[in-house]
Amino acid sequence: TNTFKCYAVPPQQWSESERETFTFDVEQYAREHSLAFIPDFVLCRNEEELLSKFINDIQDADLLSGWNSELFDIPYIVARLKTVYGERGPNKLCFAGAGAPRMRTVEVFGNEEIAYELKGRSHVDYMDAFKKFTFEGRTSYSLANIAAEELDIDKIDTGLSFEELYNKYFYKFCVYNARDVEILRDLDRKFRFIQLINQMAH
């Protein structure tokens, strides 16, 4: 749809004044960091509403992607779906009727990590794709380093922990998220690895 959405649950102690100035604060902070777009920030009452809206939005999507998403985002979302909706909750990440994501273990630097293979819907970890299709080594495959080297874009550095950022500067927390999405979008605009993977698959 070429649209950007960010679902977020505000912190419990969020004040009414912060709620009233949220849109203004987001726009101002986004301009300060030259954000290319401002997502539609949808504020949810709780995690269940957030997950429900997210799952509803991906119904027509046949591919999900993220940076280091195989070992972080997907396992995290699977765990939260299971906590909120029960044992069959993770099925929501797959196509309807396709079953549950298949759990497997991946060895990373001698440690076993949990990963999931989605059913029907595909998942591309853009960091893995970047490592596979670019042949020169990098000092670091962190999103911040790759963004700086390839796009001349900086991740937003607030100098705060995620806990502080979320609880004290919620609008900055949201814009921080949007910058990461911008980086991922621009990386794929430059390299088109998802298109390449799709062509190889066919």
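**Exercise 1.** Name the residues that ring pairs link into a cluster in this predicted model.

Solution. The cluster is made of W67, Y126, F130, F133, Y141, F191 and F193, linked by ring pairs. For the structure as a whole, the number of aromatic pairs is 18.

**Exercise 2.** Classify the pair of F130 and F191, and state which parts of the chain the pair ties together.

Solution. A pair of aromatic rings is described by the distance of the centres and the angle of the planes.
- Step 1: the ring centres of F130 and F191 are 5.4 Å apart, and pairing requires centres within 6.5 Å.
- Step 2: the planes stand at 90°, so the pair is edge-to-face; the cut-off for this class is over 60 degrees.
- Step 3: F130 belongs to helix α4 (residues 126–133) and F191 to helix α7 (residues 170–191), so the pair ties together parts 61 residues apart in sequence.

**Exercise 3.** Are F130 and F191 buried, partly exposed or exposed?

Solution. Buried means under 20% relative accessible area.
- F130, at 0% relative accessibility, counts as buried.
- F191, at 23%, counts as partly exposed.

**Exercise 4.** Describe the aromatic pair of F130 and F193.

Solution.
- Step 1: the distance is 6.3 Å centre to centre, with 70° between the planes, and the pair is edge-to-face.
- Step 2: F130 is in helix α4 and F193 in helix α8 (residues 193–201); the pair links distant parts of the chain, 63 residues apart.
- Step 3: both F130 and F193 are buried.

**Exercise 5.** Over which ring does the charged end of K92 sit, and over which that of K172?

Solution. The charged end of K92 sits over the ring of Y85, 4.7 Å from the ring centre. For K172, the ring is that of Y169, with the charged end 4.6 Å from its centre.

Methods. Residues numbered from 1 in each chain as written. Predicted model: local features only at pLDDT ≥ 70, side-chain atom pairs only at ≥ 80, totals over all residues. Heavy atoms only, no water. Phe/Tyr/Trp six-rings, centres within 6.5 Å; stacked < 30°, edge-to-face > 60°. Helix = DSSP H or I, 4+ residues; strand = E, 2+ residues; numbered from the N terminus. Buried < 20%, exposed > 50% of the residue type's maximum accessible area, 1.4 Å probe, protein only. Lys NZ or Arg CZ within 6 Å of the ring centre and 35° of its normal.
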